[in-house]
Amino acid sequence: MKSSIQIYGIIVVSSVFLFLFPQLLGLAMLYRQVNSIASYLVEVIEVHEGVTSQNGANDVIQDELKKVPKLICTFGKEKINNFYTYTVDCNKESKISILNIPIDIRVSKKTRRVIY
């Protein structure tokens, strides 16, 4: 009786890990995608020297965000003396379906260059 319970326990635990591993790899790939989008948005802000409607950065950002549904990006502007730095925060919700656990993937990037 005791060994059969151990065998069933081993089967259940190994099957959970067997099905959980591909989903964790999928979350890693999703994090990679969100991270690359956030990096691209920071590069767009640095190249266009800020987010304004005059320089076209806003149009490029909106076009990029339309490609990925359910991705929420916010932009923060921080003043340092006479200069500005921008912070890009991107969030995407996902779920580990075998455990029914919602996961919120968050990426935060900051411009390296100071924008006048």
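**Briefing: fold, cores and surface**

From the N terminus on, the elements of the chain run α-α-β-β-β, that is, two helices and three strands (DSSP runs, with H or I over at least four residues for helices and E over at least two for strands). This is a predicted model, in which local features need pLDDT of at least 70 and side-chain atom pairs count only at pLDDT 80 or more, while totals for chains, interfaces and linings use all residues. Residues are numbered from 1 along each chain as its sequence is written, and side-chain values use heavy atoms, without hydrogens or water.

**Overall dimensions**
- The C-alpha trace spans about 75 × 30 × 15 Å along its principal axes.

**Nonpolar cores**
- The largest nonpolar core has 17 residues, and Leu-41, Ile-61, Leu-65, Leu-71, Cys-73, Val-88 and Cys-90 touch the most other members (a core joins buried Ala, Val, Leu, Ile, Met, Phe, Trp, Tyr and Cys through side-chain atoms within 4.5 Å).
- At least two residues of this core come from each of α1 (2-47), α2 (57-67) and β2 (83-96), and α1 gives the largest share, seven residues.
- A second, separate core of five residues includes Leu-27, Leu-30, Ile-96 and Ile-105.

**Burial**
- Of the 116 residues, 27% count as buried (under 20% relative accessible area, 1.4 Å probe, protein chains only).

Note on methods: Buried < 20%, exposed > 50% of the residue type's maximum accessible area, 1.4 Å probe, protein only.
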